[in-house]
Amino acid sequence: MGIEVTQEDGLVKVVTPIDDTPASRAGVMSGDLIGAIDDESVQGMTLNQAVDKMRGQINTPVKLTIYRGKDKQKIEVKLTRAEIHIKSVRSHKQDDDAYYVRISQFNEETADGLRAAMAKAQEEIPADKFKGYIIDLRNNPGGLLDQSIQVVNAFIDKGEIVSTRGRNADETQRYNARPGDLSKGKPVVVLINGGSASASEIVAGALQDHKRATLIGTRSFGKGSVQTIIPLGGNSGALRLTTARYYTPSGRSIQAKGIDPDMVILQDVPDELKGKDYTKGEASLKGHLKNGEEEKSGSQAYVPPDEKKDKQLIAAIELLHGKSRAQIMAEQQSKETAKEAPKPATKAN
C-alpha cells in the first residue's frame with residue numbers, strides 16, 4: 001500500500017505515506033490511526049499481524065478504517081494494492097539557480113541517488129550562479145542508518161555525525177564524517193515536519209549542529225531509539241527491546257523530542273483537514289522519557305501538493321536568494337496577522 005507504520009494504544013499508526021503509492025494517492029496522512037482492515041479490528045493484533053493483513057496480491061482491494069485528528073474523525077479509505085517501487089531520491093532545478101532534492105526514505109539507493117543528483121546540479125547550474133541545495137525530508141519515515149550517515153557526509157568533511165548510547169558507557173558508538181564535501185560548500189536548506197522520523201532526523205540534527213544547514217518547517221517526529229531483537233527460543237517468538245538512543249553531534253537526544261527547525265513555518269491547511277494535520281509524535285508513546293524530560297506534543301505534517309502554496313519551500317527559496325531569516329519570518333507573521341484581522345463591515349444603501 002505504501003505506508004510506514006508503528007503501533008500506538010493498540011492501533012496501527014501511520015508514520016508517513018510513501019510518495020506516489022496507493023496510500024499517498026488515496027489521501028492517507030501522517031498521524032492517521034488505522035483501527036480496522038477490511039472491517040476487522042486491529043485491536044489485539046500485533047503490528048506484524050496487522051501488516052500481514054494489509055499486504056496482499058497486486059491489484060486486489062483493501063479497506064482501511066482510519067481515525068484522524070484530535071477528535072478521532074472516522075474515515076473509510078479504499079485502496080488497490082500495487083507493487084511498490086520506491087525511488088528514494090527525486091530532484092530538479094529550482095528557479096534556475098538552486099537545486100531541490102526530495103528524499104522520501106533512506107534505502108540502499110539513497111546515497112548513490114543523492115550523489116547523482118548533486119553531480120547533475122553542478123553540471124546544470126554554473127558555479128557562480130549556484131545558490132544552494134534544498135533537501136526535502138518532510139514525511140520521510142527514515143530507513144537505513146548507513147545511508148543517513150552518507151547523506152550527511154555529502155555536506156560535511158569532518159566531525160561527528162551521530163552517536164548511539166545505551167545504559168553503559170562502553171556501549172556508545174560514534175559515527176564520524178570522512179573528508180570530502182561533495183556540495184563544495186554551497187548553502188543548504190533542509191525541510192522537515194511532523195512526519196520526518198528516524199534517519200531523516202539524524203540528517204537534520206547533524207547538519208543543524210554543524211551549522212551546515214538551516215532547518216525550515218515544523219518539529220520532527222522524535223523516533224530516535226535503537227532496538228535489538230532477542231530470540232526466545234523454540235516457537236516462543238522474540239523480544240524487541242530498546243537498547244540505545246540516537247544523539248546528535250551536540251549531544252541532543254532525538255527520542256520523543258524530535259528536531260526543532262531554525263525557522264518554524266506552518267502551512268495553510270485546507271478547511272477539511274484543519275485540526276487533523278498534526279502527528280502526535282513518538283513522545284505520545286509512554287515510557288520513552290526519563291524523569292525531568294519534557295514531553296512534546298504533535299507537529300504539523302501537511303505538505304501542499306501545489307509548490308506555489310508550499311510556504312516552507314517558498315521560504316527556503318527566498319533564503320537561498322538572499323532574504324534574511326528575520327525578514328522572512330516577519331513577512332510570514334504579517335501575512336498571518338492580515339488573515340486573522342476582522343474584515344470591515346459593509347452597509348447596503
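This is a predicted model: local features need pLDDT of at least 70, side-chain atom pairs count only at pLDDT 80 or more; totals for chains, interfaces and linings use all residues.
Asp 310 sits in the loop that links strand S18 (299–300) to helix H6 (311–320). Leaving out residues up to four places away in sequence, Asp 310 touches Arg 138, Gln 267, Val 303 and Pro 304.

Turning to the sheet, six strands line up in the order S7-S8-S9-S12-S13-S16, making an open sheet with mixed pairing. Strand S7 (89–94) and strand S16 (263–264) are the edges, each pairing on one side only. S16 is held to strand S13 (residues 214–217) by two bridges, and the two run parallel. Here Ile 216 stands opposite Met 263 of S16.

As for nonpolar packing, the largest core counts 37 residues, and Ile 135, Phe 155 and Val 190 have the most contacts inside it. Strand S8 (98–103), helix H3 (110–124), strand S9 (132–136), helix H4 (145–153), strand S10 (160–165), strand S12 (188–192) and helix H5 (199–209) each give two or more residues to this core. H5 gives the most, with six. Once neighbours within four places in sequence are set aside, Ile 135 is in contact with Val 101, Ile 103, Phe 155, Val 188, Val 189, Val 190 and Leu 191. Another core lies apart from this one; it has 22 residues, including Ile 3, Ile 34, Ala 50 and Leu 64.

Methods: Residues are numbered from 1 along each chain as its sequence is written. Side-chain values use heavy atoms; hydrogens and water are left out. A nonpolar core is a set of buried Ala, Val, Leu, Ile, Met, Phe, Trp, Tyr and Cys residues joined through side-chain atoms within 4.5 Å. Buried means under 20% relative accessible area, exposed over 50%, partly exposed in between (1.4 Å probe, protein chains only). Helices (H or I, at least four residues) and strands (E, at least two) are DSSP runs, numbered from the N terminus. Contact means heavy atoms within 4.5 Å. Two strands pair if DSSP finds at least two bridges between them.
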